[in-house]
Amino acid sequence: MIDPTRRRVLALLGSSGVLAACSSLPAAPRQPVVPPAPGLRFDPAAFTPRSVTVDGTTLAIRAYEGLAYVARPVEPAYQCLNLYIPAAYFDGGEVGGFTAATAPIFLPNQVGGYMPALPGKLDGRAFGPPPGGGQAPAAALPNAIQYALSRGFVVAAPGARGRTLQAASGEYTGKAPAAIVDLKAAVRYLRANRERLPGNTERIISNGTSAGGALSALLGASGGQADYAPYLAALGAADARDDIFAVSAYCPITNLAHADAAYEWQFAGVDSYRKIDISMLDYQVQRKTVSGTLDERQREVSAALAASFPAYVNSLNLRAPDGNALQLAADGQGSFRDYVASLLLQSARTALAQGRDLSALDWLQWQGSQPVAVRWPQYLAYLGRMKTPPAFDALDGSSGENQLFGSASEDKRHFTAFGQQHGTVASLGQAEAAVVRMMEPLSYIGQGGGQPAAHWRIRHGSKDSDTSLAVPVILATALRNHGYQVDLALPWDVPHSGDYDLPALFDWAAVISRQH
Ligand code: DHB
């Protein structure tokens with residue numbers, strides 16, 4: 001079993017530890033190919049031959065690293081992508097049943113903590129097996145890029161700007177919405193070059209974990225939306241569509257405007273915490289654990305935020321797959337919570353069926369050999385509170401998300417009305433509503449004006465307390481309610497991490513890619 005601490009660090013590091021040089025959907029509108037600007041033209045001849053060995057089979061790869069995906073980058077080391085293509089696709093060959101014309105394009109971002117992310121590398125680190133699951137030592141496991149190639153996917157791994165970047169002038173260059181603008185620019189680059197590039201640009205499948213999972217979801221939700229056009233134009237992004245086919249999102253840290261309330265809906269009453277502060281130095285994630293107990297003011301804040309959550313959930317008019325309305329009463333109980341509990345039960349049943357021993361857990365209620373209910377307080381004790389209220393829009397502006405929502409001239413800002421009203425640092429400004437909107441997938445689901453991804457796979461481990469379980473459940477349910485295909489699960493005992501089930505991820509990706 002991989003130690004959760006290490007898994008978390010790996011999740012944050014992504015697979016890039018070093019600086020890099022840096023048959024269409026019926027509804028998708030076809031566009032004429034607008035030739036990319038000369039600097040954005042992909043040159044198939046400019047490759048480095050590489051190979052990848054997965055499960056004993058070696059595949060020849062053409063590697064193209066550090067390709068600028070915008071004509072006027074602000075941060076050239078980040079605004080570029082690494083492209084890896086099975087060499088067979090240049091000779092009319094097949095890999096995993098795909099050809100140059102049909103191969104889906106896997107688009108993994110490496111973003112963690114909303115920090116700047118370099119493009120993923122072929123030889124980057126693997127995330128490791130699921131806790132208690134796989135037998136292989138982590139070093140022997142393929143990373144997502146290697147595994148994708150072995151299944152016949154083309155891989156385009158984009159870098160993206162993040163919240164700590166600063167130009168020599170002192171201006172901040174990676175504040176919201178920079179990272180999502182960058183991912184969109186990468187998609188546009190691929191589409192603009194589709195005549196030169198093996199792979200089906202109508203089958204782009206995004207992947208990411210945590211903040212990277214949030215950006216993966218946002219990329220899928222916001223395809224084709226005009227909000228981002230001025231940002232893309234300023235960078236000289238290619239003139240092409242930026243919608244994608246499918247989203248894989250592990251533990252997305254999303255719905256930031258309501259995540260504080262969601263966190264307290266879940267954790268109100270749990271007063272002890274183990275908080276993890278994330279920072280980055282020289283591309284190394286720095287982690288500091290601080291334990292404590294909420295003080296009286298924090299308990300008041302917790303109660304106020306928790307009390308605001310039912311009205312928000314109820315306003316979404318969500319329906320479970322069986323058609324039941326998902327609602328919450330003022331005390332935070334109701335069909336929405338029951339639905340979340342049912343997903344935890346499903347997770348337990350799946351783990352049982354796989355032979356896991358769950359008998360040591362006190363938060364499942366059993367009938368014979370079957371778990372039939374979740375004991376909520378005991379579940380929360382198992383899970384543990386990780387964040388103090390407000391979990392995301394910190395009153396003193398100290399959270400990573402405060403820094404994400406800074407501006408060119410301000411490092412940190414509030415981004416919720418609650419944070420602004422109750423903030424303790426008078427000088428802290430407020431992010432523009434338009435910027436908060438551009439960071440939120442739900443802004444674009446069922447709202448028209450774009451082309452959200454048709455297929456979604458969302459995972460949030462049952463032992464993940466970086467955000468409330470309500471966050472992935474709301475996202476998945478809203479998507480389903482608007483007709484999108486969603487595969488949602490809360491994998492058993494999995495902490496905050498991603499890429500732990502690559503065979504299942506790529507089984508899903510291959511099946512949807514063959515549908516139309
Ligand atoms: C990540 C984790 C967090 O708890 C958070 O608030 C934002 C991002 C991450 O691991 O990417």
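Select Tyr 484, which sits in the loop between α13 (470-481) and β15 (485-489). Helices (H or I, at least four residues) and strands (E, at least two) are DSSP runs, numbered from the N terminus. The model is predicted: local features need pLDDT of at least 70, side-chain atom pairs count only at pLDDT 80 or more, and totals for chains, interfaces and linings use all residues. Residues are numbered from 1 along each chain as its sequence is written, and side-chain values use heavy atoms, with hydrogens and water left out.

Stay on Tyr 484 and show its contacts (heavy atoms within 4.5 Å). Leaving aside residues up to four places away in sequence, Tyr 484 touches Ile 445, Pro 452, Ala 453, Ala 454, Trp 456 and Leu 479. Ile 445 is 39 residues from Tyr 484 along the chain, and their C-alpha atoms are 9.5 Å apart.

Next, select the ligand. Which residues come nearest to the ligand? Of the 11 residues around it, they are Gly 113, Ser 210, Lys 387, Glu 401 and Asp 466. A residue counts as near if one of its heavy atoms lies within 4 Å. The shell is made up of four nonpolar, four polar and three charged residues. In that division, Ala, Val, Leu, Ile, Met, Phe, Trp, Tyr, Cys and Pro count as nonpolar, Asp, Glu, Lys and Arg as charged, and the others, Gly among them, as polar.

A side-chain N or O atom of Lys 387 is 2.7 Å from an oxygen atom of the ligand. For Glu 401, the distance from a polar side-chain atom to a ligand oxygen is 2.6 Å. For His 496, the corresponding distance is 3.1 Å. Taken alone, the ligand exposes 290 Å², and the protein buries 94% of that; accessible areas come from the Shrake-Rupley method with a 1.4 Å probe.

Move to residues 48-54, strand β1, and residues 57-68, strand β2. These strands pair in the antiparallel sense over seven bridges. Two strands pair if DSSP finds at least two bridges between them. Thr 53 has Thr 58 of β2 as its bridge partner, and Val 52 has Leu 59. Two residues lie between the strands of this hairpin, where Asp 55 takes a positive phi near 50°. On to strand β3 (residues 80-86), which pairs with β2 in the antiparallel sense over six bridges. There, Ile 61 stands opposite Pro 86 of β3.

Select Phe 153 and Phe 506 next. The structure holds 21 aromatic pairs, and one of them is formed by Phe 153 and Phe 506, edge-to-face, at 5.0 Å centre to centre with 85° between the planes. Rings of Phe, Tyr and Trp (its six-membered ring) pair if their centres lie within 6.5 Å; planes under 30 degrees apart count as stacked, over 60 as edge-to-face and the rest as tilted. Phe 153 lies in the loop between α2 (144-150) and β5 (154-158) and Phe 506 in helix α14 (residues 502-514), so the pair ties together parts 353 residues apart in sequence.

The last stops concern the backbone. The peptide bond from Ala 176 to Pro 177 is cis, with omega near 5°; Pro 177 is in the loop between β5 and α3 (178-192). Another cis bond runs from Pro 389 to Pro 390, with omega near -10°, and Pro 390 is in the loop between α9 (376-383) and α10 (400-404). Finish at Cys 251, in the loop between β7 (246-250) and α6 (259-267). Its phi is near 35°, a positive value in a residue other than glycine.

Conventions: Polar contact = N/O pair within 3.5 Å; in protein donor to acceptor, adjacent residues only side chain to side chain.
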